[in-house]
Amino acid sequence: MTLLPEETRREQISAALEAHKPEQHENANVPWKGGSEICSVVKISLDAAVLNHKSHRIRAELESHPDAEEIKADPFSQGSQDLVADVLRGTVGFEPLKEDLAGDEGQRDCGIITEAGLLVNGNTRAVALRDLVVRHIKVAVLPGDATEQEIADLELRLQMQRDFKQAYTFTNELLFVEDLISIYGYSQDDVAKARRRSEKEVAQFTRLLALIREIQARARSVNRIPLTFFDEEKKEQILIELDQAYEKKRARDPEAARRLRDARILALLAGNTYRDIRLVDESFAKDYLLDSLREQEQLGEEIATIIEAGVAAEGAGGEEVDLPGVEDVMGDEAEPTENGFDLSKLVDLVAQSHGDENVELPTGYSGRQIPRDQVLAVIADAIAESAEEKKTDDKRVKGLGGPINLLKDARKKLRRVEPAYSAAASDPAFNQGAFEYEVKKLGSDADALQAEVKKHKRK
């Protein structure tokens, strides 16, 4: 359907309003300027209705769209309108709505439109009606002095009414809250009351969007990891629990909080399940992941070395991005950790390669192109195995027998080292230096444990 020019749209809507007789024709009570407004309900041709690219129901989908820049540059062109229509067709509930509109009663609820023909409510209905080859749409026309802020306020109030309510996706909810605060000047308390949430939840929404923007920034391209990626199953809960765990630790130990955040982001990007990710903590990489990676037959050692050395990921360039709220979550650039490893470089490598077919591991280790799916599979498997081991350990260390159980497990593993070393030591390819380094660290750990035992020895 070809969209009419704005002047023609205005003329058609104006003519419909002039023909409307309030006492004979339908009217709608629309929330408006803190109260309500009786608006005339008229029928206009669908080619006089402009799809709203600023609708918060599809903001995330439009930002994530490959042609997002085209839509942003000229949202009312025929091409952009067709793209917005395609996005609306992909929303949850479109097909049931279309089936309902195809029934005997047709369109029951009116949309809401400006005098210029911009749909404030009813965008999905308009597309469904067009697909059904219906020529007209029923709309309530807003006052001619409607501003963008008043339209945003209307959208907010409509969401509070069950008759209009259609659930936003996770990321669209975050974007709506951000716009209400940063563009339209709402306080967090105002948003909380309007959205029927606590002020604490609204504050968390702002942090969650900042966290998502951080992950996008680490990919060094705003389009590489789209917002819609975070709407997939369980990711909302993963991010909520990450934020809660991070905030709990940040005040007491910022470095531990950073390690926890990086570990969970890595697991999220690698495709691990919610059940695995919720077990990841700030010492996960050091206590479990490094060893698990080295046990992987392919690429595990190379990936473990990236973590331990904290080397920069080369060959993963991209555009620099400046996304709002990122600094609040990322903070200052972290110093190398005292544990001798840093997950951040591996997180960057995985983020910057999102959507690519191959990954180039750092030159100092292989400098070769590896299928990205293969790299992610190794990381995900190691995280899953580590999570299972941690789950077992968590059960064993509870109570007074925990330290003894852990020490027994360590001794069992240590007994297996000597025969394995004897079998491998004669091979010229064996890394003797690395082995001696691990033996030295083991001795240091044993000395530290002995010192702790002496402190608590009973006389």
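Predicted model: local features only at pLDDT ≥ 70, side-chain atom pairs only at ≥ 80, totals over all residues.
The largest pocket holds about 2,700 Å³ of space. Its lining comprises 48 residues, and those closest to the centre are Asp291, Lys413, Glu438, Leu442 and Asp445. Helix 19 makes the greatest contribution, with 14 residues. By residue class, the lining of the largest pocket divides into 22 nonpolar, 19 charged and seven polar residues.

Turning to the second largest pocket, the space within amounts to about 1,100 Å³. Here 40 residues form the lining, and His53, Lys54, Arg59, Lys72 and Asp179 lie nearest the centre. At least two lining residues come from each of helix 2 (59-63), helix 3 (68-73), helix 7 (148-159) and helix 8 (170-182). The lining of the second largest pocket is made up of 17 nonpolar, 13 charged and ten polar residues.

Five of its six residues are buried, so strand 5 is largely enclosed by the rest of the structure. Strand 2 (residues 35-45) runs antiparallel to strand 5 and is joined to it by five bridges; in this pairing, serine 45 stands opposite histidine 136. Strand 3 (residues 111-113), in turn, runs parallel to strand 5, with three bridges between them. Glycine 111 has valine 139 of strand 5 as its bridge partner.

Methods: Residues numbered from 1 in each chain as written. Heavy atoms only, no water. 1 Å grid on protein atoms, 1.4 Å probe; cavity = no way out; pocket = protein on both sides within 12 Å on 5 of 7 lines; lining within 4 Å. Points joined across faces, edges and corners; volume = space filled by probe spheres on them. Helix = DSSP H or I, 4+ residues; strand = E, 2+ residues; numbered from the N terminus. Nonpolar A, V, L, I, M, F, W, Y, C, P; charged D, E, K, R; others polar. Buried < 20%, exposed > 50% of the residue type's maximum accessible area, 1.4 Å probe, protein only. Pairing = 2+ DSSP bridges.
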